[in-house]
Amino acid sequence: MIVITAPTGNIGRHLLPLLLESAPGRGEKLRVIVRDPARLPDAVREGVEVVTGSHGDADVVDRAFEGADAVFWLVPPDASRPPRDAFSGFTGPAAKALVTHGVGHVVGVSALGRGTPVADRAGLVTASFALDDLIAGTGVAYRALANPSFFENLLEEAGSLREKGVFTDTVAADRRAPLVAVADIAAVAAGLLLERSWTGSDSVPVLGPRDLSPEDLARIMTEQFGRPVRYERQPLDELHTTLVGHGLHEAFVQGLVDMKRAKDEGLDAGVLRTSATASPTTFEEWCARTLRPAVLAG
């Protein structure tokens, strides 16, 4: 029995079809935790057991983890709470349920940067490391998917790209760093959940095929869209003021700003890309398939 949290999210909606394709032939059953089962496609609902509710709720995870052999764990973003509460606080009930029900293996969504000089002052990423430690401390076999920023973050810029040909971030324009497609993260997660010969606690970097800077992204988008795209760097204090003004929790905003600062200081640069840490989807492929239609549809 494999339990999947956040099955309708960016990663979960790619992970579920992979597991539905492969798990039954291996004698694996699938169970999902979801707030609104109606958001699951019909074909998915027919192939999984559904536990309705939040996976931050003790009663929900107690029911969901009964009889489970493996869990895919992803904490949904919550900008209304401080980072430690949003990550470790949310995960506390699940950590207890893992022990109670003797779950053997957990695959979690985490971040790059552990062991780097900025790891302890990287805001949301530092909080995600504490979450990893919490899960690993239960004694389960644990693999933290150590991810850089996602290609999919650029979908939030679709309106600006369409109307002004501009996207923003806070890192230096020439700062190259790994970037990854969420579908590639899901593929790595599926492999780990289905082949559970691993033991102990470790991280599994998923780095994409090459490092890219904002300047690189602008050049590729210009080629893909057939019109100019440029990058504008946003000051961190301006980002902080804007997000607090939108009503986000001040401590969460500070955690986001600290993460952005750490990324500009090399947070994601600590892992060597090898055949084991690279993932296949290029930005060009993802842009043509996903971002270009979203931008040009308007």
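**Close-up views of a predicted model**

**View 1. His240 and its contacts.** Setting aside neighbours within four places in sequence, His240 touches Glu250, Val253, Gln254 and Val257 (contact means heavy atoms within 4.5 Å). His240 sits in helix α9, residues 236-245 (helices are DSSP runs of H or I with at least four residues, strands are E runs of at least two, and both are numbered from the N terminus). Its relative accessibility is 18%, so His240 counts as buried (under 20% relative accessible area; exposed is over 50% and partly exposed lies in between, with a 1.4 Å probe and protein chains only). This is a predicted model, where local features need pLDDT of at least 70, side-chain atom pairs count only at pLDDT 80 or more, and totals for chains, interfaces and linings use all residues. Residues are numbered from 1 along each chain as its sequence is written, and side-chain values use heavy atoms, leaving out hydrogens and water.

**View 2. The open sheet.** Seven strands line up as β3-β2-β1-β4-β5-β6-β10, with parallel pairing (two strands pair if DSSP finds at least two bridges between them). At the edges stand β3 (49-52) and β10 (201-205); each has a single partner strand, so one side of each lacks a neighbour in the sheet. On average, neighbouring strands here are turned by 20 degrees against each other, direction ignored (axes are lines fitted to C-alpha atoms, for helices over the stretch in contact; angles run from 0 to 180 degrees between N-to-C directions).

**View 3. Where β6 meets β10.** Five bridges join β6 (residues 141-147) to β10 in the parallel sense. Ala146 has Pro205 of β10 as its bridge partner. Helix α5 (residues 124-136) packs on the sheet, touching β4, β5 (105-111), β6 and β10, and its direction makes about 170 degrees with that of β5.
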